[in-house]
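Dear colleague,

I am passing the structure below on to you, together with an account of what was found in it. Please read the notes with the structure open beside them.

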Amino acid sequence: MKILANDLKRPFDLYANEYEQKALEVLRSGWYILGKEVAEFEAEFASWLSKDNPESVEFVGLASGLDALWIAHKLLGISEGDEVIVAANSYIACVMGITIPGGTPAFVEPDVYHNLDANQIESAITPKTKAILAVHLYGQPCDMRAIMQVAKKHNLKVIEDCAQCHGGRTLNEMGEMQTVGTFGDVGCFSFYPTKGLGAFGDGGGVSVKSPEMAAKFKEFRNYGSKVKYQNEVVGANSRLDELQAGLLRVKLNHIDEFNENRNTIAKKYLSEIKNPLVELPKVQDQIYHVWHQFVVQTKHREEFIKHLADNGVGAMIHYPIPPHLSNAYSYLGHRVGQFPITEQLASEVVSLPIYDGMTSDEQDYVIDVINEFEI
Ligand SMILES: *Cc1c(COP(=O)(O)O)cnc(C)c1O
């Protein structure tokens with residue numbers, strides 16, 4: 001059997017007719033930027049995020065997840081000299097979201113769930129700290145109850161990176177389940193094709209809590225202009241296009257089913273993968289995980305990935321080089337050994353195939369191949 005690390009053709013095939021119909025409809029409409037599809041998608045995605053939720057949000061479409069991140073930092077006032085606390089094992093785009101508008105990342109080690117450790121935040125606070133960037137990594141929500149408490153105590157902004165966590169839920173301060181992207185000041189989303197709500201090209205956007213904030217993002221994404229040719233601020237061209245928005249509306253109709261399917265696969269992996277050389281991911285109690293990735297750890301990664309490949313199973317590494325050791329951030333002056341937990345994760349993590357449309361035979365095969373791994 002041959003199983004790709006990720007297979008984007010599968011989720012497409014599940015609803016191919018619906019996507020093809022919508023694509024034709026948009027192509028034939030003669031309107032391709034900032035029209036009906038974007039407006040409808042923004043309203044529908046906001047209401048999906050707000051459904052059964054103590055907090056409701058508005059949503060603004062943008063061109064990518066990275067744009068969502070850096071524009072959010074910029075519009076929350078992060079600039080030269082400001083520090084933003086972020087888990088050191090985050091994706092590099094998270095850190096770029098901080099540094100593009102001029103901020104500096106203040107890295108902290110992650111907790112056992114691979115997420116920002118609320119207990120590490122206070123020791124990283126300095127007089128320059130302005131915000132916390134909570135990245136819900138691999139689809140597992142951060143402990144937002146604890147993070148929001150520290151943020152309130154120290155009057156810090158909170159930005160959530162929900163690029164891997166569309167529809168994840170976790171407890172709030174009142175002990176109720178709440179959807180990620182509705183806790184902080186801004187929730188940043190990516191619709192890159194591999195993401196839980198993936199487009200057929202680039203896309204992204206932000207969830208915000210007031211019409212005023214939504215208006216600021218709408219102005220910024222369109223050259224800082226509310227009225228054509230009247231520019232209020234130096235903005236960007238960061239518009240979600242009509243074709244992607246239309247296709248995202250189709251996929252949004254099926255996202256609950258996709259999230260449930262990946263939960264079913266994850267449960268099977270968690271109960272049936274049994275190999276002392278392979279450590280399974282830890283899941284927090286009382287959360288809804290959306291399993292963007294199923295990430296195991298092994299001290300024998302090279303041999304493990306070779307064993308998988310020899311048996312036709314693809315795997316990926318998210319991520320092999322932590323941002324503090326990336327060339328892009330050499331100017332920050334970090335060194336090897338500074339964040340040992342993060343660096344160990346970078347050398348041990350492996351993402352297994354877990355995608356929409358994966359058959360149960362394929363899941364069984366992946367489990368068998370892993371259970372046969374030995375050195
Ligand atoms: C994918 C991703 C981004 C960047 O999104 P793009 O749409 O690719 O720019 C940011 N943060 C996280 C956690 C991501 O997974």
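**Salt bridges**

Lys 22 pairs with Glu 25 in a salt bridge, with 3.4 Å between the closest N and O atoms. Please keep in mind throughout that this is a predicted model. Both Lys 22 and Glu 25 belong to helix H2, where they stand three residues apart, about one turn of the helix. An α-helix has 3.6 residues a turn, so residues three or four places apart point the same way.

A network of salt bridges links Lys 22 and Glu 25 with Lys 36, Glu 37, Glu 40, Glu 44 and Arg 249. In total, the structure holds 22 salt bridges.

Another of these bridges joins the side chains of Glu 362 and Arg 10, at 2.6 Å from N to O. Glu 362 is placed in helix H13 (residues 360-371) and Arg 10 in helix H1 (residues 9-14), so the bridge ties together parts that are 352 residues apart in sequence. Glu 362 is buried, with a relative accessibility of 7%, while Arg 10 is partly exposed at 23%.

A further salt bridge is formed by Lys 282 and Glu 279, whose closest N and O atoms are 3.1 Å apart. Here Lys 282 is partly exposed, at 40% relative accessibility, and Glu 279 is partly exposed as well, with a relative accessible area of 38%.

**The chain as a whole**

The secondary structure of the protein chain consists of 13 helices and 13 strands. Its C-alpha atoms fill a box of roughly 65 × 55 × 40 Å along the principal axes. A compact globule of 375 residues would have a radius of gyration near 21 Å, and the chain, at 21 Å, agrees with this. Of the 375 residues, 57% are buried.

Which residues come nearest to the ligand? Of the 14 residues around the ligand, these are Gly 65, Asp 161, Gln 164, Ser 190 and Lys 195. A polar backbone atom of Gly 65 lies 2.8 Å from an oxygen atom of the ligand. For Leu 66, a backbone N or O atom is 2.9 Å from a ligand oxygen. Lys 195 instead uses its side chain, in which an N or O atom is 2.9 Å from an oxygen atom of the ligand. The ligand exposes 380 Å² when taken alone, and the protein buries 90% of that.

Gly 65 is also one of the residues of helix H4 (residues 65-75), which is mostly covered, with nine of its eleven residues buried. Besides Gly 65, the buried residues of H4 include Asp 67, Trp 70, Ile 71 and His 73. The N-terminal end of H4 is capped by Ser 64, which has a side-chain oxygen 3.4 Å from the backbone nitrogen of Leu 66. Just after H4, Gly 77 adopts a positive phi of about 90 degrees.

**Two loop residues**

Is Arg 221 buried or exposed? Arg 221 is buried, with a relative accessible area of 6%. This residue sits in the loop between helix H8 (211-220) and strand E10 (225-227). The side chain of Arg 221 makes a polar contact of 2.8 Å with the side chain of Glu 42.

Ile 33, by contrast, is partly exposed, at 39% relative accessible area. Its place is in the loop between helix H2 (16-29) and helix H3 (36-50). Together with Leu 24, Leu 27 and Tyr 32, Ile 33 makes a nonpolar surface patch of about 370 Å².

With kind regards

How values were computed: Residues are numbered from 1 along each chain as its sequence is written. This is a predicted model: local features need pLDDT of at least 70, side-chain atom pairs count only at pLDDT 80 or more; totals for chains, interfaces and linings use all residues. Side-chain values use heavy atoms; hydrogens and water are left out. Patches are made of residues with over 30% relative accessible area and no salt bridge: like charges are joined within 9 Å, nonpolar side chains (Val, Leu, Ile, Met, Phe, Trp, Tyr) within 5 Å. Accessible areas come from the Shrake-Rupley method with a 1.4 Å probe; for residues, only the protein chains shown count as cover. A salt bridge is a side-chain nitrogen of Lys or Arg within 4 Å of a carboxyl oxygen of Asp or Glu. Helices (H or I, at least four residues) and strands (E, at least two) are DSSP runs, numbered from the N terminus. Buried means under 20% relative accessible area, exposed over 50%, partly exposed in between (1.4 Å probe, protein chains only). A residue is near a molecule or strand if one of its heavy atoms lies within 4 Å of it. A polar contact is a pair of N or O atoms within 3.5 Å; within protein, one must be able to donate a hydrogen and the other to accept it, and residues adjacent in sequence count only if both atoms are side-chain atoms. The radius of gyration is taken over C-alpha atoms; the globule rule is 2.2 Å times the number of residues to the power 0.38.
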